[in-house]
Amino acid sequence: MNVINEGVREIVSSLKEEGISFSDLHILITGGAGFIGSWTCDVLIEMGARVTCIDSLVSGQMSNIEHLLNNENLNFIEHDISKPIYFKEKFDIVMHMASRASPFEFDKFPIQILKANTMGIWVALGIAKEHNARFLYTSTSEVYGDPDESFIPTPETYNGNVNPIGPRSCYDESKRAGEAFVKAYELQHGLDTRIVRIFNSYGPRMRTGDIYGRVVPRFIDQALKGEPITVFGDGSQTRSFTYITDQIEGILRLTSMDAKGEVVNIGNDKETSILELAELVKRLTGSQSKITFYPLPKDDPKRRCPDISKAKRLLKWKPKVSLEEGIKKTIKWFTGAR
Ligand SMILES: NC(=O)c1ccc[n+]([C@@H]2O[C@H](COP(=O)([O-])OP(=O)(O)OC[C@H]3O[C@@H](n4cnc5c(N)ncnc54)[C@H](O)[C@@H]3O)[C@@H](O)[C@H]2O)c1
């Protein structure tokens, strides 16, 4: 069995063990052809839901969902969610995931990113309001900016340290605005909303190459090609890497629960430096690549680590896949053992 099918089955059986069901629900996923969105489509369809997937394909790929195109439970619509769209058929749940997410895209497409998380979420919230549907928003650890040391690990109650006009502001400030939109619809219209703050998720289906290459797929791609592994700064900055199956399980637990108004960090609370990640990828690929160092981009956060006590308590969720195990699965997918 390939790593994706294996992962989907693991998530489904774990959710079913908890008595979680999405059977016969109609779910709208914006950004459903992306990395996280396509895994979400796979799991929900496997669990008997009907999924309408909207994607403009700006950073997602049809190849992520083409195996579902003949499935009667998937309806794919190519559309930019920052423009209005109307549906007659009722939705039970709306999941707003549409947004480019790679730091290399922030330079090239800042307006598109701002629109997806402001005008796009406004359209998605309007659909949820119209259908009285539950709403989930995929926000990000970036709303915390570069947290003060005393807020590492970072709890949901931390308000953030964000530069509103910095090079990352199109992403982190628009995600903060997106959260404000969610709260406004909850307050003014009583919408049943929840927000997940995602910390560096990785795994099969992440794109490589120029603007798409987030750190894990970039390092794996470079290591497999024998090219230099490019670390920014001295590599001492940390991130907390969450394997995709853990991420999707956390998101779907939060979606399924009676958790109106909740904001929850979903991430692995094991902090890893970028240099450690580079060395791990090098070891697990058996690569001869050199590790090379480039200047650290402006406003790059020094440390990133979630406080996940709320997810443990509320969702009975904790990450199960170690970084070494997750990187091995991702390499397996990259090398074609798909
Ligand atoms: N992967 C992570 O580590 C991570 C971390 C924090 C937050 N997130 C959030 O999770 C969501 C999914 O991220 P991902 O990693 O799967 O990225 P991705 O780029 O693979 O997926 C995003 C999808 O949204 C689509 N999209 C973008 N703008 C759109 C628009 N205006 N209309 C319709 N579709 C549009 C893209 O084509 C793509 O398919 C994003 O909201 C992202 O901000 C991801």
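Hi everyone. Let's begin with a term: a residue counts as near a molecule or strand if its C-beta atom, placed from the backbone, lies within 6 Å of it. What we have here is a predicted model, where local features need pLDDT of at least 70, side-chain atom pairs count only at pLDDT 80 or more, and totals for chains, interfaces and linings use all residues. Residues are numbered from 1 along each chain as its sequence is written.

First stop, the ligand. Which of the 29 residues around the ligand come nearest? They are Gly31, Gly34, Ser59, Gly60 and Ala98. Helix 2 gives the most to this shell, with 3 residues. Helices here (H or I, at least four residues) and strands (E, at least two) are DSSP runs, numbered from the N terminus.

Let's stay in helix 2, where Cys41 has its place. Is Cys41 buried or exposed? Cys41 counts as buried because it has 28 C-beta neighbours inside 10 Å; the cut-offs are 20 or more other C-beta atoms within 10 Å for buried, 12 or fewer for exposed, and partly exposed in between, with C-beta atoms placed from the backbone. Leu74 sits 33 residues away along the chain, yet the two C-alpha atoms are separated by 8.2 Å.

Last stop, helix 9. Its buried residues are Ile274, Leu277, Ala278, Val281 and Thr285. They cover an arc of only 100° around the axis, so they lie on the same side of helix 9; that arc is taken from the directions from the helix axis to the C-beta atoms. Just after helix 9, look for Gly286, which takes a positive phi of about 65°.
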